[in-house]
Amino acid sequence: MKRNKSVYLIIKEDLKTKIANQEYKTNEMIPTELELASFYNVSRTTIRKATDLLVFEGLLVRKPGSGTFIKSNAIISKSTNHYGFTQEMLLQKKKVKTVVSKFTIEEVSAKVAEIIGISVGQMVYYFERIRYVEKDALQFERTYMSVQKYPDINISYLEKGKYSYVEKIKKQTVDFCIHTISPISCPKEISEIFKIDEKSPILKIDNITYLTDGSVMDYTIQFNNPSKYQMKYIRRKEKL
C-alpha cells in the first residue's frame with residue numbers, strides 16, 4: 001500500500017466498509033494490529049490510528065487482554081472541534097499559569113506502551129501539571145510521553161505548553177485528539193488541589209493526541225474542576 005499521511009484514513013474506510021458488509025460481524029474480534037499491519041503493509045501505529053477512529057465512531061471496542069471487537073448498540077457523542085484549555089482561557093482574556101508538580105522518567109507499562117505505540121520496557125516521561133487561572137486550579141493532568149521521541153523535553157517547556165514545544169521546537173504538527181470522558185468521584189489528592197469535597201463528581205478525560213504522521217504525541221489523563229471549568233465543544237452537522 002502506498003504510504004502517505006492519509007493512509008490511515010484509507011484503511012479506516014476499508015475496515016468500515018467490511019463492517020458494513022458484515023465481513024466482520026457484531027461482537028466478533030477483528031484481526032490483530034500485527035495481522036492488519038501485515039495485510040495493509042503499514043506500521044502498527046498506522047493501524048492503531050485507523051482503529052482509534054473507529055473506536056471513536058462507536059464501531060469498535062477494545063477489551064484489554066482480549067482484542068478489538070465490533071461494537072453493537074453504542075451511542076457515542078462525537079465532536080469535530082473543541083477549544084483547548086489555553087485557547088479557551090485566551091478567548092476569555094484570562095491568563096493561564098501551568099505548574100509541573102511532578103516530573104519523572106520511568107519504564108513504560110504495557111497499557112501505556114500500547115496506547116502511545118512504543119515497546120514495553122522503553123522509558124517514558126511521566127509528569128503531572130496543574131493549570132491555574134488566577135488562584136484557582138481549573139485542571140489537573142497526568143501525562144505520558146516517549147523519552148526516545150522527545151529526548152530534550154524539560155519542565156520549562158511543559159510550563160510553557162506541550163503543543164508549543166512539539167510544534168515550535170520539534171517541528172511536528174498535531175492532527176487530532178481523541179477524548180474518552182467519564183464521570184468519577186473525586187480522589188482525595190485531586191479534591192485537595194481543587195479545594196472541593198472529596199467524592200464530589202468530576203470529569204475524567206482520557207486524551208490521546210495524534211500527529212499528522214500517524215504517531216501518538218502523548219497520552220494524558222485530565223481532571224476538571226467542576227465548579228470552575230467546563231469544557232466547550234463545537235459540533236458540526238455532517239452530510240450523510
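Tutor: Contact here means heavy atoms within 4.5 Å. The model is predicted.

Student: Which strands does helix H7 lie across, and at what angle does H7 run to E9?

Tutor: H7, residues 162-169, lies across E5 (123-133), E6 (136-146), E7, E8 and E9 (216-224). Its direction is at about 165° to E9.

Student: Which helix lies across E7 and E8, running at about 45° to E7?

Tutor: That is H3.

Student: In what order do the strands of the open sheet come?

Tutor: The order is E4-E5-E6-E9-E8-E7, six strands with antiparallel pairing. E4 (96-107) and E7 are the edge strands, each pairing on one side only. On average, neighbouring strands are turned by 20° against each other, direction ignored.

Student: How many bridges join E7 and E8?

Tutor: The two pair over 11 bridges, in the antiparallel sense. Proline 201 in E8 is the bridge partner of serine 185.

Student: Now helices. Why do residues three or four places apart point the same way?

Tutor: Take H1, residues 7-20: its 14 residues reach 20 Å from first C-alpha to last, close to the 20 Å expected at 1.5 Å a residue. Buried in H1 are Val7, Tyr8, Ile11, Lys12, Leu15, Lys18 and Ile19. Viewed down the axis of H1, the buried residues fall within an arc of 140°, so they line one face of the helix.

Student: What covers the buried residues of H1?

Tutor: The cover includes helices H2 (33-40) and H3 (44-56), along with strands E1 (60-63), E2 (67-70) and E7 (174-185).

Notes
Residues are numbered from 1 along each chain as its sequence is written. This is a predicted model: local features need pLDDT of at least 70, side-chain atom pairs count only at pLDDT 80 or more; totals for chains, interfaces and linings use all residues. Side-chain values use heavy atoms; hydrogens and water are left out. Helices (H or I, at least four residues) and strands (E, at least two) are DSSP runs, numbered from the N terminus. The expected span of a helix is 1.5 Å times one less than its number of residues. Buried means under 20% relative accessible area, exposed over 50%, partly exposed in between (1.4 Å probe, protein chains only). The arc is that of the directions from the helix axis to the C-beta atoms. Two strands pair if DSSP finds at least two bridges between them. Axes are lines fitted to C-alpha atoms, for helices over the stretch in contact, and angles run from 0 to 180 degrees between N-to-C directions.
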